[in-house]
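Reader: I am new to reading protein models. Could you take me through one, feature by feature?

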Amino acid sequence: MKQMAAQPHDKILFQRYLDNQCSPAELALLISFFGAAKEPELREMISEALLAEDQSARTGPDYQKKLQLIYQEISREIGGADQKITPPVLGKRAVWPSIAVAASIILCLTAAAFFILHKAPVQQLVINQPFKNDLLPGGNKAILTLSTGQQIVLTGARNGKLAQQGDAAVTKTADGQIVYRTADVSATAEVSYNTTSTPRGGQFQVVLADGTKVWLNAASSITYPTAFTGNDRQVEITGEAYFEVAHNAAKPFRVKSNGQTVEVLGTHFNINAYKDEPLITTTLFEGSVKVIKGTASALLKPGQQSLVTEKENNLNIKVTNNVDLDQALAWKNGKFYFTDTDIEEVMRQIARWYDVDIEYKGKVPNMRLSGSCYRNLTASKALTILEYTGINFKIEGRKIIVQ
């Protein structure tokens with residue numbers, strides 16, 4: 001995970017914390033820095049240490065060990081700074097002051113919602129009152145369209161067999177995915193196509209007839225044959241999808257999206273092809289894939305990402321090395337994850353997940369954000385974190401106003 005380098009005021013804040021002098025606002029800033037710890041386990045330990053309210057738990061050896069880890073992390077990040085801080089001392093008590101005043105911060109941070117916000121000095125941090133209106137986060141929602149045109153709402157559908165499509169049985173499993181199961185199918189068998197689509201505020205998982213697993217993000221779709229009978233396996237997507245393709249050297253797997261084709265044999269990759277995004281991005285996790293756009297093509301290796309514009313007259317494919325794989329797959333893992341991301345892209349993700357429209361009052365803020373939070377937060381909690389940048393938000397029905 002890409003981290004923001006610690007600044008001198010982060011170090012001062014940590015010393016203030018150890019001296020039991022942090023205000024709630026200062027504590028929130030300190031937590032936001034440590035929220036970007038490289039290892040999830042370390043981040044959890046840090047947050048537990050900083051958020052512990054039981055004073056007795058703050059004096060034991062386990063707690064002191066956690067503080068030592070925090071000290072090591074910040075020292076490693078600052079490395080070589082002129083200022084020095086005193087390491088945590090066994091038995092030193094660091095109590096969170098004014099817990100009642102910091103209630104709105106606790107509400108967000110106890111859900112493991114950590115954000116590093118660029119240029120957010122202590123004096124600019126404002127704790128706002130809770131939103132009057134709120135919006136629930138998205139969840140498992142999708143519609144299955146059969147070859148006959150019949151639609152099945154998968155949200156709340158019973159488990160078990162949903163339909164028969166030629167030689168394929170369509171089944172919904174107990175863990176909330178649909179699976180296509182086929183007997184031996186001849187190469188001349190008639191092929192029918194199904195489409196699984198998610199609305200804004202939805203996500204879903206599909207297991208295709210060849211065993212390939214597909215995860216759909218919000219406002220996305222995949223169209224696919226109910227059985228793969230020819231010499232290749234071809235599907236088409238809109239929006240964003242993550243694939244774990246079942247290996248079959250005799251049948252290449254092809255994914256079409258907005259004029260782009262990704263060709264694989266068996267691998268793990270993510271495609272982001274939303275119409276409202278300026279680029280189509282394909283990120284490779286395992287194996288290899290070939291990205292094709294018009295007459296241009298590129299072969300990706302694990303850790304690489306291709307960037308393709310949607311304009312037909314631009315046939316260049318840019319390949320980026322050593323991309324942040326955690327960021328590319330954050331949505332599948334239930335997170336928002338931003339790295340130097342402009343506010344408009346952040347709000348497009350918010351809009352898709354909470355099924356809202358975004359309206360800007362005045363000039364769009366020229367701001368870039370880095371950080372992460374879980375997608376199971378209500379909209380008001382996510383926006384409260386974003387408000388630490390100084391941007392104000394208002395929820396009106398299914399609209400978020402940025403001002």
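Reader: Which residues form one aromatic cluster?

Author: First, a word on the source. This is a predicted model, where local features need pLDDT of at least 70, side-chain atom pairs count only at pLDDT 80 or more, and totals for chains, interfaces and linings use all residues. Residues are numbered from 1 along each chain as its sequence is written, and side-chain values use heavy atoms, with hydrogens and water left out. Now the idea: rings of Phe, Tyr and Trp (its six-membered ring) pair if their centres lie within 6.5 Å; planes under 30 degrees apart count as stacked, over 60 as edge-to-face and the rest as tilted. Here, Phe 228, Phe 243, Phe 253 and Phe 269 make up one cluster.

Reader: How many aromatic pairs does a search of the whole structure find?

Author: Eight. Take Phe 243 and Phe 269: their pair is stacked, 5.1 Å centre to centre, with 10 degrees between the planes. Phe 243 sits in strand β12 and Phe 269 in strand β15, so the pair ties together parts 26 residues apart in sequence. Strands (E, at least two residues) and helices (H or I, at least four) are DSSP runs, numbered from the N terminus.

Reader: Which residues have the most contacts inside the largest nonpolar core?

Author: A nonpolar core is a set of buried Ala, Val, Leu, Ile, Met, Phe, Trp, Tyr and Cys residues joined through side-chain atoms within 4.5 Å. The largest has 41 residues, and Phe 243 and Phe 269 have the most contacts inside it. Strand β12 (residues 233-244) gives the largest share, four residues. A second, separate core has 25 residues, including Trp 353 and Leu 383.

Reader: What does Phe 269 touch?

Author: Contact means heavy atoms within 4.5 Å. Leaving out residues up to four places away in sequence, Phe 269 touches Val 255, Leu 284 and Phe 285, among others.

Reader: Which element supplies the largest share of the lining of the largest pocket?

Author: Strand β21, with eight residues. By class, 13 are nonpolar, eleven polar and ten charged. Ala, Val, Leu, Ile, Met, Phe, Trp, Tyr, Cys and Pro count as nonpolar, Asp, Glu, Lys and Arg as charged, and the others, Gly among them, as polar.

Note on methods: Buried < 20%, exposed > 50% of the residue type's maximum accessible area, 1.4 Å probe, protein only.
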